[in-house]
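Subject: The structure for you to look at

Hi,

Here is the structure I promised to pass on. Please open it next to this email, and my notes follow below.

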Amino acid sequence: MKEETEIDLVSLPIGDSIARAEAFSPFLRGLIARRREVADLVERQGLAAALAQAEAASRADPDTPRALRRERQAVALAVALADLAGAPFEVVTRALSDFADRALDRAIGAAIAERVPDAPMTGMVALALGKQGSHELNYSSDIDPILLFDPETLPHRRQEEPIEAAVRYARRIVALLQERTAEGYVLRVDLRLRPASEATPLAVPIDMAIAHYESSALPWERAAFIRARAAAGDIALGQEFLDHLRPFVWRRALDYGAIRELRGLSHRIRDHHAQGQVLGAGYDVKRGRGGIREVEFFAQIHQLIHGGRIPAIRAPATLDALAGLAGEGLIPTADAAALAAAYRTLRTVEHRLQMIDDHQTHRLPTDAADMDAVAGLAGLENGEALVALLAPHVAIAGRLYDGLEQGAGEGLPQAHDSLEDRLAQAGFTDTAAARARIEGWREGRTRTTRSQAARDALEAVLPALVDALARAPAPDRALDRFDNLVARLPSAINLFRLLEARPALIGQLADILSHAPTLAEALSRNAGLLDGLIDASALDAPPDVATLAATFARGERGEDYQAMLDRVRRMVAERRFQLGVQLICGAADPIAVGEGYGRVAEAAIETLGRAAIAGFEEAHGKVPGGELVILGLGRLGGGVLTHASDLDLIYLFTGDFMSESDGRRALGASTYFNRLAQRVSTALSVPTAAGPLYEVDTRLRPSGNQGMLAVSVDSFARYEEESAWTWEHMALTRARPLFGSAAARAQVQDVIDATLARPRDPASLTADAAKMRQDISTHKPPAGPFDVKLIEGGLIDAEFTVHLLQLRERIGLDPHLAVAVATMERAGLIARGFGEAHALLTRMLISLRLAAPKSDEPPLASQALVARACRMADWRSLLAAYAQARTLIAGEWHRVAGLG
């Protein structure tokens, strides 16, 4: 929220505000009579000056109860007059919240000092929840703090146990703030939001609170902590607690049970306050349909859904949350603006209601004269005008909140015959087998559906799920794969709740199960991958490498190296899954998907490489003048990967290999960079609790498996000049420096350029290339008729043709094959249409890695999808184009290689 600490009220009609306050508010009329100097100061110098004066006077008064009550009088009057004069809503609520923080902090300090004079204010913290936590406190609000204490650091008398002292402090804090004296009161305090309030003391030991939230907290408590803040007392203690609790609040695996609970709470509120639901006399601006609570719940529901993966939307304040949700494309901008306008209007009217008698009320009066008084305080003509002001805001807030609800629909029949009839109507052919699957889930024969909660969640989603699977090209196979998915999950309840809450995902899931066994397998290991599809950007191409790397690198506070490895694996898996879905859904060209896979991999290398280096340098320091450079080869170097691609890497380092690192455990440069390279490889490849990441292949390094993992750039240059085989230079045609400073990358690129530009004996080069291709055919034959990589006239032949021409003619020396081929076609070195043939096979490879990963013919139901992805009208057209492309590529390979 924008913090506005100064507001010019000299130009605002304060005199009119005073007149309205005296005419319509008994409470403000009394305050003006009692504290006229405050009203005069607001009129002369503005709100900020009045608040500063009140705070200074309070601090100068050693009598804490009196000081806080007199400051509260001044704050209540100054803020009210500023509010009535048109001060921004955020300024008003921030001023009220800041005072609550100060008062609570002073009460904690006074409570401790009374029992243990001169003791530091350590070991006890007040967490502000609700509107105080988000700096949105209303005019006459209760505060709902949670008092936590650390027994190890809380000051207490020698004969006391820490728990006894903490409870005494809590009681005294409440009394200091809440007891009424001749000066009034400070704040009403409600401690019932503390964990397990029915069984815990007024102040809760911090370890007990952590145990509660990690094991038995209710969903509404998660929502409450969206706005939690360490507000008073030992702030560092409170922040440490909130940092520990962050995974409890912001879960990457979406908990749609929590979302359902919030909606259920909203329904219960509506039912309990039934008389205040309809706009008009008696309407409850907080709990009524379209009221304040529903705007807050609308924002919080979306925050709970998306906040685990998008930290930018974790804003505590409702208005900031709405803006963040719109900024991330999670809700329409127009809806966010409408809800923000409704929230400001409703909250402002709420303030007018509470200014009348300083009561914590939210209902419009039922008496016409009282309604007119509220309207008059708001500067409106009468109660009808007040209702008219609220009407459009209440209507749109209620409509948007109701739009979050999903209709329950009609359940699936239970009886055998009726269920089979329903399955037949839906489109299943083997209805008996489908019925048996469903009955197995219903009876809990699958481990993940044994609990009643899981079966209840299943029933809610079954009708839509059955219909979606029936619309799949192969319904029975899709149902089988869904059964396999359910059986292999650690828990199926969240999957069912997710699908119930987001019905659009059911169709995407049906497509995945029908066409992409690779993605279905990934889902069976981690159903949370579906979470990533609910974002508005799920079907967009990934951003550039730098943006992706910055996103991957953005960790949680206090995150250790292992947690970082897990987090990056989850983010990469989610991105790769999204790319696969883009292909299956026809939202992106396979080549664009392959380029997306490439950018994701490069960003992972950048992020994990930096993290590995940072940890390594803590122990071993840096090598002066040296740094690690990572070279990508093969498909990675060419920038187009498949879902199954591994990473072909070469590790190099700059500087003098005879130098030594400067850390506390110094290493020679060669040892240093070889160990560092192994650490990076491990970061990229080792499976963690979050699953695997990439297979890393370093066999293309100098001397292959016999050579060192990392060599100096000078050694690399010398090896390429003196010792490298022809196949290593062919591999170098797709080499691209991916990691390292710009200067280091340029140094390595110079070596690559010089190597590739070297004159060669054409006959010897051609013979070497032909022999290598024959060796591949002998030792690694194609796995099937759709092994578009190894089959005759496939991608290997295309790549050998291009690489041979690159080295022989020294033209088209670009790691991106499409660019190289276009250059050769323009130069007349390769047949026209070669680029189109290569693009077709590339699209087939990327598509078939998902639809037919064993390189056999894809199932009949998926053939149309593969054809569409490859820009063909149907499967028959694709087969014809495939044959034609292979003929062209095989012919060019034979011609270029001189094979007749």
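A definition before the notes: the expected span of a helix is 1.5 Å times one less than its number of residues. Please also keep in mind that this is a predicted model.

With that in hand, take helix α11, residues 235–249. This helix has 15 residues, and the distance from its first C-alpha to its last is 19 Å, close to the expected 21 Å. There is a kink of about 30° in α11 at D243, shortly before the proline P247. D243 is also among the buried residues of the helix, which include L237, G238, F241, L242 and L245 as well. The buried residues of α11 pack against strands β1, β2 and β4 (229–233), and also against α9 (206–215), α10 (219–224) and α13 (292–306).

Two of those partners, β1 and β2, pair with each other. Strand β1 (residues 124–128) runs antiparallel to β2, with four bridges between them. On the other hand, β2 pairs with strand β3 (residues 203–205) in the parallel sense, over three bridges.

Finally, β2, helix α8 (residues 162–178) and β3 form a β-α-β unit, and the unit is right-handed.

Enjoy looking around!

Best wishes

Key
Residues numbered from 1 in each chain as written. Predicted model: local features only at pLDDT ≥ 70, side-chain atom pairs only at ≥ 80, totals over all residues. Heavy atoms only, no water. Pairing = 2+ DSSP bridges. Helix = DSSP H or I, 4+ residues; strand = E, 2+ residues; numbered from the N terminus. Right-handed = clockwise from strand over helix to strand, strands pointing away. Bend = angle between axes of the 7 residues up to and from the residue. Buried < 20%, exposed > 50% of the residue type's maximum accessible area, 1.4 Å probe, protein only. Contact = heavy atoms within 4.5 Å.
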